[in-house]
Amino acid sequence: MASHFRCENVMVRFGGVVACNDVSLDVEEGKIVGVIGPNGAGKTTLFNVLSRFQDFSEGKLFYREQRIDRFRPHQMVRLGLARTFQNINLFVEQSVLSNILIGSHCLIGNPLASLFWLPGARRTEQELTERAIETAALLHLERDLDTVVKHLPYGHQKRVELARALASRPKIILLDEPVAGCNDEESAELEKIVRRINRELGITVVLVEHDMSMVMSVCDYIYVLNFGANLARGTPAEIQSNPDVINAYLGKEE
Amino acid sequence: MFGQQVMSGLATGSLYALTAVAVVVVFRNTRVINLAQGDFAMIAAFLGIVFLKNFQLNYYLMLPLVILCSMLLGVLVERLVMRPIADTDWLTLFTATLGVYYILHGVAGWVWGRDTKAFPVTFDAKPISVFGTLVSEGHLFNMAWAVCIGLVLFLFFKYTKQGIAMRAVTDDPETAKLMGIPVRFIVLLTWAMAGFLAAFAGILLAPIVYVSPEMMDEVLVKGYVAAVFGGLYSIPGAILGALMIGVAENLAGGYLGAHYKTATAFAMIVVLLTFRPKGLFGIQARREI
Amino acid sequence: MNEMGAAGRRFARGNALEAANLAPEAAAHAQRQRLALADAKARFQKQNWVGTVALFAVAALFPVLPGVEGWMAYTVALVIIYVIATQGVAVLTGYTGLVTVGHGGFLAIGAYTSALLTKHYHTELITGLIAGGLMSAFIGCLLGLIFLRLSGAFMAIGTLGFAFFVGTIVNNVNLFEGREGISLPKNRILIWEIGDVGFYYVALAVFALTTLLVYCLVRSGVGRALMALRDAEKAAESCGINRVFYRTLAFSLSAFITGLAGVLNGHIVRFIASEVYADIWYSVDFLVAAIVGGSSFLMGPLLGGIFVALLPFFLEELRELAFILKGVALILVLMFAPAGLAEVFGRPWRAWRRNKLERVRNDGARVSRASLDKLTKLEAR
Ligand SMILES: Nc1ncnc2c1ncn2[C@@H]1O[C@H](COP(=O)(O)OP(=O)(O)OP(=O)(O)O)[C@@H](O)[C@H]1O
Ligand SMILES: [Mg+2]
């Protein structure tokens, strides 16, 4: 399978803490890839590196064999990468529809044309709105389109964030703990949605999650990080029986 | 010449520091950029005149009375204006203090008039020689006071229960509340402290600039600049900023011309902010993602 | 679940329209979506067109009403200029979330650019407006780049520094003639000389244009991007919004609008001196006007500008009382209308509209043809 997105030997230090120590990750096109590890293993930091919110001191980043080490976060969206945040990071004062429309920002075309409502802009806007509604429908949010986000329950907000990420029509999406804090019902729902995103829309998914049952059931293969370093890689079955991984999670017996 | 400029710069700077420290203390405990800080001081100066002239009190009897009134004013502003809107965004709070500024300006103008008044206590204009540089008596007096106040603040924050509670509120108001610290009282105390500092700023500045409703406008701006210079959270930073601004603008005034004084302060702050967007000791980047 | 799958597939293909034909449920579904959309639009995008047009009509008729004299038109024009400057502040502070206490600087840049052109090259007003606006926008762009990493109180002090900087320059550089000032000849539009009433119409026209500009901005993807940056910067960047570009754009647009106000301000008085333009209180007053009016409402600057510009005017005689009243009024507005006067004034209109839409929406649950038509009509409004 072709490599869609890849990082090699990434190093990130925060003062004395080494958050990513020589981490490599290879995401294959069209797969659902899990990234797991104990708290503080550096998963979020790795995501921040991949979406270019975090600079790294050593290492390389490739998107379809193109070096992207110095890209800015907004350029990553142009490439086709979208992400969600571990702590919900929405435009809480705005409606769900506005949030999704903001997500489709990279599709508005020339900003000046949009600003002055030149002929094409009106049509673009119409299309984006329709698409935003479709995206909302995909995530069962169509009834909340006009609700201000801060009035929505937590599980809905998680889905709004996912909808916003999908609105940019990404080719690859990074999900940082999409079901954290959700109840079982919501988790099951989100699991289904993640599958659909992957199958029906053909989007590559990279998933950080502590909910092992979800990770094991949806992922094609899994990376395990521990103390900022690669620990293992393999299919869910391999990971579940890997002694290193079990040690990392349960603590090593001396 | 140079040494003299620096000395008088330090003297001016220590007066800016009184305002800058008050701005920082209020900001970090309540998120309020207090534009009325200068007016607290201005009112204090007018009250000083009233006590000295109309009541014929002596200087050291007047001082505690003015401090008391000034602290009361701070508390009053907190209770009447700031508390009802305490949980709005900082811009609303900022604008509200501007409202207080207008009101205090208007009141002072109404009661005492627009024209400048001489403060009854003045200093000998004859300079004294300290380590070979000439310093005016007034400057020396002011600097001595400023150092004393700095020391008092240091001891307050380090050793008293209220001071420690205040620092806790600065660090994390939510946790402080959970730990049983009476946050509202601390906020009130913060405003009282602003009044306390303002009383000194007003009384110490009055003999130098004459007393009028506008007397503190420039000092306020410099104090605010100094507070931002130090990063808005740091008291030592604010003091350092105030002294640097005092010295720099005095030098600029001496060598370039008087109208470059204020411009120098702003040039300094703009250059600093360009390279350190959160000030000298500001919290540069917090973890957000 | 069936129609969901259809919607999903269609999403994948990326073409939008034929879904409603897939199944009756899908059609109902699509209509629910449309209703929700209309509602959302009404609440967050549509503005009161009827009111706006009526307002401009009244304003246009004002100078020809019986009993209205030249000086009245002059005074109202001054207020309009104030409002335009405030619109500039609102673009930056209201929609982009960058607090500025330095827009007096842009006012000065606009005024001096046009004044110098008029004095040395005898240009007329339209050239002056374009040149002043563009010059101001250019400086705004530079300032936006310099202050790229500032926010909150730090941005406030930075912009205040900018206003001081401009003030020091016009005070001390000979070209600007400091306190002596620059006197301007009678105003011309192309080749025609205009008086107070003529100038009133020019100011009104500029105001109409800037209002249209802000309206277009707010409804466009660009406006959304600015508001996104205001509300959550990191999240905005993760949506592909180029922070550097949009912040600079906001600065330029905002400076452009206030620069236009500066040009008008210079030409209406026909005298430009550093005493006025080095005064940082202008900058503070613009900010106050924007906040009091409601800086994220189209009509906010109008209400706020009138509030701030007229209060001292009416209370000229009682100077100190005017100060006190201004402070009290400001605090009361902040306490009881924290979103600004425009929010309060707009309440009845929004309530009426919401009611009407609610009714249509309830009808829509029965999926009737008629309600769709009704909705379309309402949307077209
Ligand atoms: N901005 C930062 N400054 C300093 N240290 C940081 C920063 N971000 C992360 N760290 C540290 O880096 C390490 C990795 O953190 P990270 O958030 O990536 O872990 P994580 O695997 O996402 O954990 P969790 O499962 O709890 O979300 C931690 O020790 C954390 O304290
Ligand atoms: Mg994490």
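Mentor: Ground rules first: residues count from 1 along each chain as its sequence is written, and chains are lettered from A in the order in which they are written. In this predicted model local features need pLDDT of at least 70, side-chain atom pairs count only at pLDDT 80 or more, totals for chains use all residues, and side-chain values use heavy atoms, without hydrogens and water.

Trainee: What makes up the secondary structure of chain B?

Mentor: Eleven helices and two strands. Those are DSSP runs, with helices (H or I) needing at least four residues and strands (E) at least two. From the N terminus the order is α-α-α-α-β-β-α-α-α-α-α-α-α.

Trainee: Why does the radius of gyration of chain B agree with a compact globule?

Mentor: The rule, over C-alpha atoms, is 2.2 Å times the number of residues to the power 0.38. For 289 residues that comes to near 19 Å, and chain B has 19 Å, so the two agree. The C-alpha trace spans about 55 × 50 × 35 Å along its principal axes.

Trainee: How many of the 289 residues of chain B count as buried?

Mentor: Buried means under 20% relative accessible area (1.4 Å probe, protein chains only), and 57% of the 289 residues count as that.

Trainee: Which residues of domain 1 and domain 2 in chain A are in contact, and how many?

Mentor: Contact means heavy atoms within 4.5 Å. By that cut-off, 19 residues of domain 1 of chain A are in contact with twelve residues of domain 2 of chain A.

Methods: Buried means under 20% relative accessible area, exposed over 50%, partly exposed in between (1.4 Å probe, protein chains only).
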